[in-house]
Amino acid sequence: MGIIAWIIIGLLAGAIAKMLMPGKDPGGIIVTMLIGIVGGLLGGWLGKVIFGVDSIDGFFDLSTWIAAIVGSLILLLVYRLVTGNRRSHRHA
C-alpha cells in the first residue's frame, strides 16, 4: 500500500479508536492521524509476531482494518497513560 493509503487508514483507524475509547485527549486531528498511522503499523507488526499472519494485505481487507484499529487502541491507551500522568503532576 502507498503512503496515501496509510494516511487515510490511519486517520480513520485513529478516529474509530477514539470513538471506541471516548474521553478527553490532548491534541486534535493531527494527533489522531499519527496515532492511527503508527497504531496501524503496530497492529500489523503484532499480527505477524503473535499470530504469524500477514495482516496488512490491502486497503479493503478486513485484516488490515482490524490490525490498524487494534494497534490504534493500544497506542491511544499508552498515549493517555503518558499524558495523563503529566497532567496530574502539574496540578499536584
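Analyst: A polar contact is a pair of N or O atoms within 3.5 Å, and within protein one of them must be able to donate a hydrogen and the other to accept it. The model discussed here is predicted.

User: Which backbone oxygen lies 2.7 Å from a polar atom of the side chain of S72?

Analyst: S72 is found in helix α3, which covers residues 62-91. A polar contact needs a pair of N or O atoms within 3.5 Å, and a polar atom of the S72 side chain lies 2.7 Å from the backbone oxygen of A68.

User: Is S72 buried or exposed?

Analyst: The cut-off for a buried residue is a relative accessible area under 20%. Because the relative accessible area of S72 is 0%, this residue is buried.

User: Which residues is S72 in contact with, leaving aside its neighbours within four places in sequence?

Analyst: Contact here requires heavy atoms within 4.5 Å. With the neighbours within four places in sequence left aside, the residues in contact with S72 are A13, G14, A17, I35, G36, G39 and G40.

User: Which element gives the most to the largest nonpolar core?

Analyst: The largest nonpolar core has five residues, namely I9, A13, W65, A68 and I69. Two or more of these residues come from each of α1 (3-20) and α3. With three residues, the element that gives the most to this core is α3.

User: How many helices does the secondary structure of the chain come to?

Analyst: From the N terminus on, the elements of the chain run α-α-α. There are zero strands, and the count of helices is three.

User: What share of the accessible surface of the chain belongs to carbon and sulfur atoms?

Analyst: Of the 92 residues in the chain, 33% are buried. The accessible surface of the chain comes to about 5800 Å², and the share belonging to carbon and sulfur atoms is 74%.

Key. Residues are numbered from 1 along each chain as its sequence is written. This is a predicted model: local features need pLDDT of at least 70, side-chain atom pairs count only at pLDDT 80 or more; totals for chains, interfaces and linings use all residues. Side-chain values use heavy atoms; hydrogens and water are left out. Helices (H or I, at least four residues) and strands (E, at least two) are DSSP runs, numbered from the N terminus. Buried means under 20% relative accessible area, exposed over 50%, partly exposed in between (1.4 Å probe, protein chains only). A nonpolar core is a set of buried Ala, Val, Leu, Ile, Met, Phe, Trp, Tyr and Cys residues joined through side-chain atoms within 4.5 Å. Accessible areas come from the Shrake-Rupley method with a 1.4 Å probe; for residues, only the protein chains shown count as cover.
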